[in-house]
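Let us take a walk through this structure together, one stop at a time. Keep the view open beside the text as you read.

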Amino acid sequence: MIFQRFYRFASPQHFYHLAVLLTPWFAWATIILMIVGLYGGLVFAPADYQQGESFRIIYIHVPSAWMSLFVYVLMAVFGGIGLIWHVKIADVLAKSCAPLGASFTLLALVTGSIWGKPMWGTWWVWDARLTSELILLFLYLGYMALQSAFDDRRVAARASAILALVGMVNIPIIHYSVEWWSTLHQGPTVSKFDAPSIHINMLIPLLIMALAFKTYFASVLLIRARSEILEYECNSNWVRELLTKTD
Amino acid sequence: MSLQDFLHMGGYGLYVWTSYGLCAIVLILNVIQSLSRQRKIMRELTNKLRQLESKK
């Protein structure tokens, strides 16, 4: 019974229609959360007592960095599901994650660099946090290159899923890098749940922006997944019906 | 707070607005690319289908 439901959910046709239905909801949520979060971060939150106004970069830097890790784990999990149970949708979602994850990683690196210049006095240092995040970007790029290196979608999905799973080793390294090694990058600010070392008026906009990045990711992921499904299933009857209907 | 103060960002305006600008560009480009790809695939598949039907 549960399996039947799962297979129905995971059928490309069903998922495609679900994606069409859900995308506008995520898109509107993104727009609203972005407006609220940007107002909160750029206007409402007080300036930092040490970093002044420059700390406001946090509202895009930290959500990007969180997403760069989250998307990678998601991509590896989808890849693993596709690898083990041969679920088509899992392969499709894993492949659709990659360019978004790479974008978030790039943003985390670039905004961090721009933030680092006035605060640390340098654009870049080869410390553990920055280096491991750069490796993450290369993992994403390698994953995308591997995906496009095979003509057979199944082989591509399998090979890149293995790469993604092996690359998982880098995720705890990025997360704990600021604790394991002495880095120029500051330690965790938010995830110390006993006492986050950030003022509540600064924290709330940050969490709203993090949520906005999540819904943004969900909406673009669903659009990308739809394209992948269409390419994957272009010879099936339901796609033909779908295309004749839209005429 | 005046608009000028807001844009000035306590002397960090260039850094803050460059970051936000780049972020906006990357996020918007992702949306545009994904939407245009979806449209392109729909168009291509529809054309293919029409060709198949006209051959029948």
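Start with α3(A), a helix of 28 residues. From its first C-alpha to its last, α3(A) reaches 40 Å, close to the 40 Å expected at 1.5 Å a residue. Keep in mind as you look around that this is a predicted model.

What comes after α3(A)? The helix is followed by A:H86, whose phi is positive, near 55°. A:H86 has this positive phi although it is not a glycine. You can find A:H86 in the loop between α3 (58-85) and α4 (88-120) of chain A. Is A:H86 buried or exposed? A:H86 has 12 C-beta neighbours inside 10 Å, so it counts as exposed.

Now hop over to chain B, where another residue with a positive phi is waiting. B:M9 is not a glycine either, and its phi is about 50°. Look for B:M9 in the loop between α1 (3-8) and α2 (13-55) of chain B. Because B:M9 has 19 C-beta neighbours inside 10 Å, it counts as partly exposed.

Back in chain A, let us visit a residue within a helix. A:I208 sits in helix α8, which covers residues 200-232. With 22 other C-beta atoms within 10 Å, A:I208 is buried, since the cut-off for that label is 20 or more. Which residues does A:I208 touch, leaving aside those up to four places away in sequence? They are A:L33, A:V36, A:G37 and A:G40.

Our last stop is a pair of helices in chain A, α5 (residues 128-149) and α7 (residues 170-180). Their axes come within 8 Å and cross at roughly 170°. That angle makes α5(A) roughly antiparallel to α7(A), because angles over 145 degrees count that way. The crossing of these two helices is left-handed.

Which residues bring α5(A) and α7(A) together? On the α5(A) side they are A:A128, A:R129, A:S132, A:E133, A:I135, A:L136 and A:L139. They meet A:N170, A:I173, A:I174, A:S177, A:V178 and A:W180 in α7(A).

Terms used: Residues numbered from 1 in each chain as written. Chains lettered and ligands numbered in written order. Predicted model: local features only at pLDDT ≥ 70, side-chain atom pairs only at ≥ 80, totals over all residues. Helix = DSSP H or I, 4+ residues; strand = E, 2+ residues; numbered from the N terminus. Expected span 1.5 Å × (residues − 1). Contact = placed C-beta atoms within 7 Å. Axes fitted to C-alpha atoms, helices over the stretch in contact; angles between N-to-C directions. Parallel < 35°, antiparallel > 145°, perpendicular 65-115°, else oblique. Left-handed = near helix turned anticlockwise from the far one by under 90°.
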